[in-house]
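Open the model in your viewer and turn on side chains. The stops below are given in the order in which to select them.

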Amino acid sequence: MTVAQIAKALDLKILAGEEGLNRPVTGGYCGDLLSWVMGRAQEGDAWITVMGNLNSIAVASLADTACIILAERAEFDEDAKARADEEGIPVLGSEKPTYALAVELSRCLG
């Protein structure tokens with residue numbers, strides 16, 4: 001599935017990085033400790049987190065995740081939005097808890 005298809009299936013709001021919406025999602029990762037995510041998230045993962053800052057965009061770029069999904073109405077700052085748009089990293093938002101999003105993502109990816 002692509003990021004756009006995941007966004008539609010999980011009823012996610014597109015917050016930034018629209019040019020990357022056609023990227024395939026091959027897995028998922030949940031985590032908020034950025035150094036941990038950097039070493040463990042896989043290329044193509046949809047990364048579910050509550051970290052909506054500039055550092056999370058850098059980690060997504062380094063780990064080459066397909067997108068960031070901000071759970072639980074997490075804040076997304078303007079600097080991070082500008083960088084995500086610049087780098088084409090899709091950032092999606094949801095009111096749902098991390099666990100619920102992970103379960104739904106898992107079902108989508110089969």
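This is a predicted model: local features need pLDDT of at least 70, side-chain atom pairs count only at pLDDT 80 or more; totals for chains, interfaces and linings use all residues.

**Stop 1: the salt bridges**

How many salt bridges does the structure hold? There are three salt bridges. Side chains of opposite charge can pair when their charged atoms come close.

**Stop 2: Arg23 and Asp64**

Select Arg23 and Asp64 and display their side chains. The two form a salt bridge, with 3.1 Å between the closest N and O atoms. Now colour by secondary structure and see where each partner sits. Arg23 is in the loop that runs between strand 1 (13–16) and strand 2 (27–30), while Asp64 is in the loop between helix 3 (54–63) and strand 4 (67–70), so this pair ties together parts that are 41 residues apart in sequence.

**Stop 3: Lys81 and Asp85**

Move to helix 4 (residues 78–87) and select Lys81 and Asp85, which both lie in this helix. They are four residues apart, or about one turn of the helix. Their side chains form a salt bridge in which the closest N and O atoms are 2.9 Å apart. Lys81 has a relative accessibility of 28% and counts as partly exposed. Asp85, at 33%, counts as partly exposed too.

**Stop 4: Lys96 and Glu104**

Next, select Lys96 and Glu104. Their side chains meet in a salt bridge, 2.9 Å from N to O.

**Stop 5: helix 3 against helix 4**

Hide the surface and show helix 3 together with helix 4. How do the two helices run relative to each other, roughly parallel or roughly antiparallel? Their axes come within 8 Å and cross at roughly 25°. That makes helix 3 roughly parallel to helix 4.

To see the contact itself, select these residues:

- from helix 3: Leu54, Ile57 and Ser61
- from helix 4: Asp79, Ala80, Arg83, Ala84 and Glu87

Colour this selection by residue class. The contact of helix 3 with helix 4 has four nonpolar residues, one polar residue and three charged residues.

Key. Residues are numbered from 1 along each chain as its sequence is written. Side-chain values use heavy atoms; hydrogens and water are left out. A salt bridge is a side-chain nitrogen of Lys or Arg within 4 Å of a carboxyl oxygen of Asp or Glu. Buried means under 20% relative accessible area, exposed over 50%, partly exposed in between (1.4 Å probe, protein chains only). Axes are lines fitted to C-alpha atoms, for helices over the stretch in contact, and angles run from 0 to 180 degrees between N-to-C directions. Angles under 35 degrees count as roughly parallel, over 145 as roughly antiparallel, 65 to 115 as roughly perpendicular and the rest as oblique. Contact means heavy atoms within 4.5 Å. Ala, Val, Leu, Ile, Met, Phe, Trp, Tyr, Cys and Pro count as nonpolar, Asp, Glu, Lys and Arg as charged, and the others, Gly among them, as polar.
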